[in-house]
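This report describes a single protein chain, its secondary structure and selected local packing. The sequence and the coordinates are shown first.

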Amino acid sequence: VQRPGIEPIIFRDLFLFRTLASFLNGISLQKLGCNAELIVDEFGEKLLEELDYTLEARNIEDFIVNFKNDPTVKIPLVYNKFSGSRVLVMEWIDGIRCTDPQAIKEAGIDVEGFLTVGVSAALRQLLEFGLFHGDPHPGNVFAMRDGRIAYVDFGNVAVLSQQNKEILIDAVVHAVNEDYAEMANDFTRLGFLASGTDVSPIIPALEAIWQNSAGKGLADFNFRSVTGKFNQLVYNYPIRIPERFSLVIRSLLTQEGICFTLKPEFKFLEVAYPYIANRLLTDPNPALRERLIQVLFKDGLFQWKRLENLIVLAKENVSKMSTNPALKSNSLQTVSSQKLEKKLDLTDTIKDGARLFLIDSGIRRQLVMAFTEDSRLHVDELVDVYKLVEDQIDIPSVALEVLQDLPSVARDFMLSWSDSVLSDR
């Protein structure tokens, strides 16, 4: 229930903040690389959004749609007939404070499994839906006794465009490939650097930050250390934090802090990589197929071991998330649901791979070279990859789908071939 008469007080305070920011803006731009007025504007915009409970109700309904088939996430229902712009009535959430590991254990919830659930939910919001909870502090995130993670208070949410989601995935791919020049370009595309900025001085700094943060192994990566080192760059290079990403960074740091409270030796990428591997291998978005190819080729060489690791991690993600990993392994619900364990669905990936092989001469050349690198056929590597996926693929079904798609592939191949002939002439 909204406090009566709060609007004029908030408008007054925002006016005072905005006036103060206008005096400090020159200093903040010079010393911190950020626009103080825009920061206040973003803060004010989000604060005023939180005053409209009908908007918050719509946010909740969007989250319910996004997570409707996810057995690990609980979003409270909204009772619209009892709600309005100043009153919001929601389903009661009976949960455990997410920063109380002892209470979580006593409820029969596996803490490590609950961390996997939380990280997966956060990554889906950021990279899959582009709609994420902007204020996931410990008072807004709960562990339910059935192992699900529950979110409340959706007044502060942020939206990322499809383009920004794809660039973030690009940044992950370039980090994996240690391609720091492209990583610097990603920062430009995301708005951290002004268009046309010379990124060459920044590349060594990014390389130093990443290698120092992940030098002990990617599993030891954490946002807190990277953000601390990245803040130092702001003083030396023309970097600014785009308004839309300040909320993303704060949200990720807050959630990582919760994870460290539950498990001090928590390693973010150890939990996140299986999800990312699964996305790269199975996501229906054609743009992610290009990212997969970038991951599998480094310096013109096909990374057989990386492909095997991606498949192993993706299988791990599917296996874990087909049931709720937060439930104890001896739980009757877990045992019974294991019978329904899902498989890694590579059907679309194989279809797209076959299509690309036939249509794209560049990809075809790369793959042929991959099979014949070092003047030998890489049959053993191919067999190892097949052994990893043979129990996951229904060969007859995949073959049927590929055959059904053959007329379309043949048409595209002919168009591609005719275009190349005409361009040669």
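## Basis and overall content

Helices (H or I, at least four residues) and strands (E, at least two) are DSSP runs, numbered from the N terminus. The model is a predicted one, in which local features need pLDDT of at least 70 and side-chain atom pairs count only at pLDDT 80 or more, while totals for chains, interfaces and linings use all residues. Residues are numbered from 1 along each chain as its sequence is written, and side-chain values use heavy atoms, with hydrogens and water left out.

The protein contains 19 helices and eight strands. Of its 425 residues, 43% count as buried, where buried means under 20% relative accessible area, exposed over 50%, and partly exposed in between (1.4 Å probe, protein chains only). A contact is defined by heavy atoms within 4.5 Å. Among contacts between residues at least 6 apart in sequence, 70% join residues at least 24 apart.

## Confidence

The predictor's confidence in each residue is given as pLDDT, from 0 to 100. Its mean over the protein is 81, and 82% of the residues reach 70 or more. Over residues 330–340 pLDDT stays under 50, and for this stretch the model has seven contacts beyond four places in sequence.

Strands are taken to pair if DSSP finds at least two bridges between them. Four strands form an open sheet in the order 1-5-4-2, with mixed pairing. Strand 1 (73–74) and strand 2 (95–97) are at the edges with a single partner strand each, so one side of each has no neighbour in the sheet. Helix 5 (residues 111–129) packs on the sheet and touches strand 1, strand 4 and strand 5; its direction makes about 45° with that of strand 5.

Strand 4 (residues 141–144) and strand 5 (residues 149–151) run antiparallel and are joined by three bridges. Val141 stands opposite Tyr151, and Phe142 stands opposite Ala150. The two strands form a hairpin with four residues between them, and Gly147 in the turn has a positive phi of about 90°. Strand 4 also pairs with strand 2 in the antiparallel sense, over three bridges; here Gly95 stands opposite Met144.

In a regular strand the side chains alternate between the two faces of the sheet. Strand 4 is covered on both faces, with Val141 and Ala143 buried on one side and Phe142 and Met144 buried on the other. In the loop between strand 5 and strand 6 (157–159) is Asp153. Its phi is near 65°, a positive value in a residue other than glycine. Asp153 counts as partly exposed because its relative accessibility is 26%.

## Helix packing and helix geometry

Two packed helices are described by the angle between their axes and the distance between the axes. The axes are lines fitted to C-alpha atoms, for helices over the stretch in contact, and angles run from 0 to 180 degrees between N-to-C directions. Helix 5 and helix 6 (residues 162–176) pack at about 115°, with their axes 8 Å apart. Helix 5 contributes Leu126, Leu127, Glu128 and Phe129 to the contact, and helix 6 contributes Lys165, Leu168 and Ile169. By class, this contact has five nonpolar, no polar and two charged residues, where Ala, Val, Leu, Ile, Met, Phe, Trp, Tyr, Cys and Pro count as nonpolar, Asp, Glu, Lys and Arg as charged, and the others, Gly among them, as polar.

The expected span of a helix is 1.5 Å times one less than its number of residues. Helix 13 (residues 304–322) has 19 residues and reaches 27 Å from its first C-alpha to its last, close to the expected 27 Å. Its buried residues include Trp304, Leu307, Ile311, Ala314, Val318 and Met321. Helix 2 (residues 36–51), with 16 residues, reaches 23 Å between its first and last C-alpha, close to the expected 22 Å. Ala36, Val40, Glu42, Gly44, Lys46 and Leu51 are the buried residues of helix 2.

Phe230 belongs to helix 9 (residues 223–236). At 12% relative accessibility, Phe230 counts as buried. Beyond its neighbours within four places in sequence, Phe230 is in contact with Phe187, Phe192, Ile209, Ile239 and Ile241. The C-alpha atoms of Phe230 and Ile209 are separated by 7.3 Å, the two residues being 21 residues apart along the chain.

Thr197 lies in the loop between helix 7 (180–190) and helix 8 (202–214). It counts as partly exposed, at 22% relative accessibility. Thr197 and Pro238 are 41 residues apart along the chain, and their C-alpha atoms are separated by 8.2 Å.
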